[in-house]
Amino acid sequence: MKRAVKPVKPKPQPRQEAPQNKIAGGDFFDKLHAYRDLHAHALFSSLGRLVDKPFTTALTVGVLAISIALAACFYLLVENLEQLTGTIESSNQISLFLKDSVTEAEARRLVEKISKHHEVAAIKLIGKAQALAEFKANSGLDAALDALEGNPLPVVLEVVPTPAQSNVKVLKTLQQALLQYPEVDEAQMDMQWLERMQSIIRLAERATRSISILLGFGVLFITGNTIRLELHNRREEVVIAKLVGATNRFIQRPFLYGGFWIGFLSGVAAWFIVTAIMLLLWRSVENLSLLYEGSFHLRFLDYGESVFLVLLSSGLGVTGSWAVLTYQLRQLRPE
């Protein structure tokens with residue numbers, strides 16, 4: 001008889017530990033890379049969808065760009081008006097007419113006293129001889145003035161307030177304070193012109209804010225409606241994604257990036273529109289400024305304002321998309 005062979009049990013191998021990651025926190029970086037890839041795919045795929053429909057995209061971006069450009073133009077209008085009033089120092093100056101008995105030496109001592117006021121930026125003394133010469137040059141009454149026995153014009157001090165003293169009430173207070181000097185006979189300033197100018201600027205600022213808010217809501221509504229139509233066209237795709245367990249955040253992602261691209265492209269196009277309008281007006285404004293011997297220069301959007309314009313339009317696009325998607329996805333229930 002053959003001897004039965006006893007089966008040999010394999011020796012248990014020592015348990016090996018799972019290999020550790022060589023990079024500490026490798027799981028976190030893997031998740032970070034996957035998160036980045038998802039967003040990059042959504043970012044560029046949404047741009048590709050817009051490029052695939054150039055006519056529709058151009059219409060939407062064009063309408064939004066015009067709305068944003070209108071708001072930016074109103075903003076620049078107010079900024080240029082404020083720049084124009086920045087030269088108001090030569091128009092809101094206070095003219096002090098001194099008494100006839102005051103000599104030019106006494107007037108110079110008065111200039112030193114007034115210069116110590118912190119509300120005063122500069123002061124100019126116009127003597128009697130200089131005042132008479134200027135009056136002759138501007139009036140054309142040389143013969144009549146030469147027939148006078150003496151110089152009837154007084155010494156005049158032109159006081160220029162500091163730029164911070166542009167408020168009408170503050171200027172009136174300064175005018176009354178200067179009138180208290182015994183050498184001063186009269187203090188004049190065109191307060192009516194200053195009040196009108198400040199009222200116009202305040203009205204322009206309020207109108208600009210109101211119009212900008214309305215145009216901002218218009219951008220939100222147009223962007224939201226565009227994303228709503230895109231969601232309707234991809235309804236079957238969204239329903240299938242929900243059936244396989246996709247969350248609303250996952251479904252929203254490409255649509256939000258679509259809203260971002262719409263807002264971004266609209267902001268860039270609006271910047272070009274505003275710049276083109278300013279360039280068309282620039283030469284005419286410069287020529288007008290030279291005719292009036294002014295130092296006014298048309299103000300464009302600077303770097304910070306340009307970046308803010310594009311960021312704001314992009315933010316409005318994302319906000320409008322998010323509002324529509326949040327409502328629509330709640331209503332969309334797969335059967």
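## Salt bridges

A salt bridge is a side-chain nitrogen of Lys or Arg within 4 Å of a carboxyl oxygen of Asp or Glu. In this predicted model, the side chains of Arg 299 and Asp 302 are joined in this way, with an N to O distance of 3.8 Å. Arg 299 has a relative accessibility of 23% and counts as partly exposed. Asp 302 is also partly exposed, at 36%.

Searching the whole structure gives 9 salt bridges. One of them pairs Arg 36 with Asp 37, and their closest N and O atoms are 3.3 Å apart. The relative accessible area of Asp 37 is 42%, so Asp 37 is partly exposed.

## The network around Arg 49

Salt bridges link Arg 49, Lys 53, Glu 230, Arg 234 and Glu 237 in a network. Within this group, Glu 230 pairs with Arg 234, and the closest N and O atoms of the two are 3.8 Å apart. Is Glu 230 buried or exposed? Its relative accessible area is 14%, so Glu 230 is buried. Arg 234 is buried as well, with a relative accessible area of 11%.

Arg 49 belongs to helix 1, which covers residues 26-52. At 33% relative accessibility, Arg 49 counts as partly exposed. Once neighbours within four places in sequence are set aside, Arg 49 is in contact with Glu 230, Arg 234 and Glu 237. Arg 49 and Glu 230 are 181 residues apart along the chain, and their C-alpha atoms are separated by 9.8 Å.

## Overall fold

The protein chain contains 10 helices and 4 strands. In sequence order these elements follow the pattern α-α-β-α-β-α-α-β-α-β-α-α-α-α.

The chain has 335 residues, of which 34% are buried. Among contacts with a separation of 6 or more, 79% are between residues 24 or more positions apart.

## Nonpolar cores

The largest nonpolar core holds 30 residues, and those touching the most other members are Leu 231, Val 238, Ile 251, Phe 255, Val 274 and Leu 325. At least two residues of this core come from each of helix 2, helix 7, helix 8 (235-243), helix 9 (248-291) and helix 10. Helix 9 contributes the most, with 8 residues. Another core lies apart from this one; it has 19 residues, including Val 120, Leu 178, Val 184 and Met 189. In soluble globular proteins, nonpolar side chains tend to be buried together.

Ile 251 is in contact with Val 238, Ala 241, Lys 242, Ala 246 and Leu 329. Leu 325, in helix 10, touches Ile 227, Leu 231, Gln 252, Phe 255 and Leu 256. Leu 325 is buried, with a relative accessible area of 0%. The C-alpha atoms of Leu 325 and Arg 249 are separated by 9.8 Å, although the two residues are 76 residues apart along the chain.

## Ser 266 in helix 9

Ser 266 is placed in helix 9. What is the relative accessibility of Ser 266? The value is 0%, so Ser 266 counts as buried. Beyond neighbours within four places in sequence, Ser 266 is in contact with Val 61, Leu 64, Ala 65 and Ile 68.

## The largest pocket

The largest pocket holds about 450 Å³ of space. It is lined by 21 residues, and Ala 71, Tyr 75, Ser 212, Phe 308 and Leu 312 are the closest to its centre. Helix 2 (54-85), helix 7 (191-233) and helix 10 (303-331) are the elements that each give two or more residues to the lining.

How many residues of each class line the largest pocket? The lining has 12 nonpolar, 4 polar and 5 charged residues.

Notes
Residues numbered from 1 in each chain as written. Predicted model: local features only at pLDDT ≥ 70, side-chain atom pairs only at ≥ 80, totals over all residues. Heavy atoms only, no water. 1 Å grid on protein atoms, 1.4 Å probe; cavity = no way out; pocket = protein on both sides within 12 Å on 5 of 7 lines; lining within 4 Å. Points joined across faces, edges and corners; volume = space filled by probe spheres on them. Nonpolar A, V, L, I, M, F, W, Y, C, P; charged D, E, K, R; others polar. Core = buried A, V, L, I, M, F, W, Y, C linked by side-chain atoms within 4.5 Å. Buried < 20%, exposed > 50% of the residue type's maximum accessible area, 1.4 Å probe, protein only. Contact = heavy atoms within 4.5 Å.
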